[in-house]
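Let's walk through this structure together, one packing arrangement at a time. Please have the sequence and the model open as you read.

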Amino acid sequence: MSYEPKNILITGGAGFIASHVAEHLFFKYPKYKIVILDRLDYCANTKNFESMAGKPNFKFVKGDIKSPDLMHYVIKQEEIDTVMHFAAQTHVDLSFGNSVTFTDDNVLGTHRILEVLKENKNQVLRYIHVSTDEVYGENASYSDEADMKVEATSPLDPTNPYAASKAAAEMMVKSYHRSYGLPVLVTRGNNVYGPRQYPEKLIPKMIMMLQRNKKLTVHGDGVSKRSYLHVKDVAAAFDIVLHKGVTGSTYNIGTAEEHSVIDIVKQIIRMMKPDVEPEKMIEHVRNRPFNDMRYFLDLRQLESLGWKETIKFDEGLKQTVDWFSVHGASFWDCCDLDSVLVAHPVPLVVPALVDSQASSGQPPAKKAKKVKFLVFGKTGWIGGMIGNLLTQKGFAWECLRARESARWANSRLQDRESVERELLHSGCTHVMNAAGVTGRPNVDWCETHRQETIRVNVIGTLTLADLCAMHGIHMTNFATGCIFHYDQSKPEKVERDASLVAKDASKTFSEEDHPNFTGSFYSETKGYVENMLREFEHVLTLRVRMPIDGDVLCNKRNFIYKISHYNKVVNIPNSMTVLPELLPYAVEMALRRLTGIYNFCNPGAISHNQVLELYRDYIDPDFKWANFTIEEQAKVITAARSNNELSPHKMWKEFPGMLPIRESLIEYVFKPLQTEKSKAKIGVKK
C-alpha cells in the first residue's frame, strides 16, 4: 500500500539535493504542499527554490532545526504530516578542522527534531532521515563487485568526523523508532552531482576552477573511487522511498557505476579544454587525514520498490558541465568563491541564528542568545581585516542597532569605564582585540614612547581582559611571536623538511615556553602581557609573527612590502603568519571558545631570501636585493629584532589543512598577484 502525504516539511530545502527533491515532488504532485525550512547556511541559496516561490502550495521558513519552538510552530501551523530531514553539515574536508559543529548540527539537530516528532507522533506519519554511504566506512576490496555494503547486515564503521556524526544521528533515529514507535525511514546515499550544486564538491569545483584557468587540485594520487548519481535520479529515489518505503527500513541510494577521482577530473578537462593535456592542468596536493578508497552499495532493496537509474554518468556529467559553464558563476555570485575554489577550504562557522519570524509573518519562536562580536582596533591593519572577514562571512555589521551581530569598539582600551560601558551596551559574547601599539613606522618608535606603549599594550589589554572575565565574555587577543629569539636550545640552524618545518619540534618555541627576547621595548611589553594573560581562563592568545596579507605591492605594513623596499636585508629563517589563510581560523577558534596560547603562524620557517626569491619569480623577474649581517643591521636600527621559529603543532592539530609557510605564500599571496611579466619569462608556477 502506498503512502500519500499532504503537507511535507523539507529541512535544508535551500540546499542542493533537498531543493531538487522539493521541486520533483512539487511539480509531480501539485496537491502536496511543500514547506522548506532552512537557516540559509553558507552552501544554501534561495535561487534553489525560485521555481516554486509565490505558489499557493509552497512556503519557505527561515530558521534552524535546533529551535524546538520554531519546529513545533511550523509543524502545527502548516499541519505537517511528513518530514524529510536533509539539513546537515556535509563537507568532509571541513569536518577535519571543524568537527564540533558537525556534531552540533548533525547529531544535536537531529535529536531536536526527534523530540519534536515524539510530541507530534499522532500528526506526523512519516519521517525520512537522510544519511550517507560514508557511515559504512570504506569497502574491504577496491574492485570486487561482490563486496557491497548491505543495509541490514553491513556494520557502521565511519572513518571521518562527518561520517561519524551522521552515524550517531542514525543511532538516535533508530532508537526513537524502537522506543517511541516513530515512523522512520533512513536513506544512505552515494555521491550526488548535477546543476546548482555548491562548488565545494568535486565536480562543480573542478568545473569552476577550470573556468578561472586554475590548476585543478587533487587530494593525494586521486585513485579513490566514488559512485556518482545524478540529482534527478536521486530525487526520483526519494519519491519512491516516500511513497513505497517500509517504516523502520533503510535504503541505499546509489549507482553501480564507479570512477576514480583522478579519472573524473581528467574527463572534465577533456570536455572543457579538449586541446590541453589533462596532466598539465592538475596539481596533486596533500591528502585528507583519511580518505576512504571506495564506497560500493547494494541497491537491490531500493530497486525492489521500482526505482532504477536513468541518467548515465557520461551523459549527466556533460549536462552538468554545460549548466555550470553558463550559469555557475551567476548562480553562486552570493558566495566568496575565492575561499571555496582552493585545495583545502578553510572551516569557518557562521552562527546559525533562528529567524524569529516565519515567512508568513507568524509569531516568533523563542530565540537563543545571539553570538555578537565586538572588535577593538578598527584603525589597525589586522582589526580592519577581521571586520571585513566578519562581513564577508555573513555577520551583520551595523553599529549600535538591536539586531547587530558584530561591531567596532570606539573606546580606548586604557579607559576602563568607557570600555565596560561599551561591552555592556553592545551585548557582545565575543571580543576580538587587535588594538595595540607597534610603533610608527616600526618598533623603534616604542623605544622613545614608552609610557604610551605601556598604556595601550599593557594597561589597556589587561583592563579589557579583566572586564571580559567579569562579564563572561570570550576574548581573543592578537599578540605577537616577536618575544623569542634563537638561542642554544632553540638554534637558527636546524634540520628542516621539504616544507621548511623543523624535524625536531623540541628545537622550536612552543606555547609553553616563556619569552626570552627583550631586545626591544615593544617585545618587552608584549611578553609581559602574555604572561599575565595566562592567568585568565577566558582568553585566547594568538601569537602573530611577521604578518603578510595579499597586498605586497602597496601595503607598507606588509612584511614582504617592507623587505622588498629595503636597501639590504638580513637572511634568517623565521616563522610568519599568512593572514588570508589564518585569520578565518581566528574567528573559528573564538566561536569554539578555545582558550590559552596558540602560535598563530604557518608551519615552518622561511628566510628573507626565500621570500624574496618568490617575489622575484612571481612579481618582478628583474628584482635584485642585497644582504647584510645582524651586526650591520644593528647599526641602522634602534631596537633589536626578534628571529625565531615557533612550533606549529598545536595549531596544526586544530586545523590539519593549514599550509606550510612556503605553500601558503604561493597559494594566498603570490599566485593571485603573478604578473604577466613573470609568466612571460618563466611560465606559470605550480
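At roughly what angle do the axes of helix H4 and helix H5 cross? Before the answer, a word on the ground rules: this is a predicted model, in which local features need pLDDT of at least 70 and side-chain atom pairs count only at pLDDT 80 or more, while totals for chains, interfaces and linings use all residues. Residues are numbered from 1 along each chain as its sequence is written, and side-chain values use heavy atoms, with hydrogens and water left out.

Now to the helices, which, like the strands, are DSSP runs numbered from the N terminus (helices are H or I with at least four residues, strands E with at least two). The axes of H4 (residues 99–119) and H5 (residues 161–180) cross at roughly 15 degrees and come within 8 Å. Here axes are lines fitted to C-alpha atoms, for helices over the stretch in contact, and angles run from 0 to 180 degrees between N-to-C directions. H4 is therefore roughly parallel to H5; the cut-offs are under 35 degrees for roughly parallel, over 145 for roughly antiparallel, 65 to 115 for roughly perpendicular, and oblique for the rest. By class, the contact of H4 with H5 has 11 nonpolar, 6 polar and 3 charged residues. In this scheme Ala, Val, Leu, Ile, Met, Phe, Trp, Tyr, Cys and Pro are nonpolar, Asp, Glu, Lys and Arg are charged, and the others, Gly among them, are polar.

Next, look at helix H6 (residues 202–211) and helix H10 (residues 313–331), whose axes come within 10 Å and cross at roughly 50 degrees. H6 and H10 are therefore oblique to each other. Their contact includes Ile-203 and Met-208 of H6, along with Phe-313 and Phe-324 of H10. It divides into 9 nonpolar, 4 polar and no charged residues.

Helix H12 (residues 381–392) and helix H18 (residues 579–591) pack at about 70 degrees, with axes 10 Å apart, and are therefore roughly perpendicular to each other. This crossing, too, is right-handed. On the H12 side, Trp-381 and Met-385 are among the residues that meet H18, whose own contributors include Leu-583 and Pro-584. The contact of H12 with H18 has 10 nonpolar, no polar and no charged residues.

Turn now to the sheet. Seen in order, S3-S2-S1-S4-S5-S6-S11 make an open sheet of 7 strands with parallel pairing, where two strands pair if DSSP finds at least two bridges between them. At its edges lie S3 (58–62) and S11 (250–253), each pairing on one side only. Neighbouring strands are turned by 20 degrees against each other on average, direction ignored. Strands S1 (residues 7–11) and S4 (residues 82–85) run parallel and are joined by 4 bridges, with Thr-11 opposite His-85 in S4. Helix H7 (residues 231–244) packs on the sheet, touching S1, S4, S5, S6 and S11, and its direction makes about 140 degrees with that of S5.

Finally, the structure holds 35 salt bridges, each a side-chain nitrogen of Lys or Arg within 4 Å of a carboxyl oxygen of Asp or Glu. One of them joins Asp-64 and Arg-39 (3.4 Å, N to O). Asp-64 sits in the loop between S3 and helix H2 (68–77), and Arg-39 in the loop between strand S2 (33–38) and S3, 25 residues apart.

Key: Left-handed = near helix turned anticlockwise from the far one by under 90°. Contact = heavy atoms within 4.5 Å.
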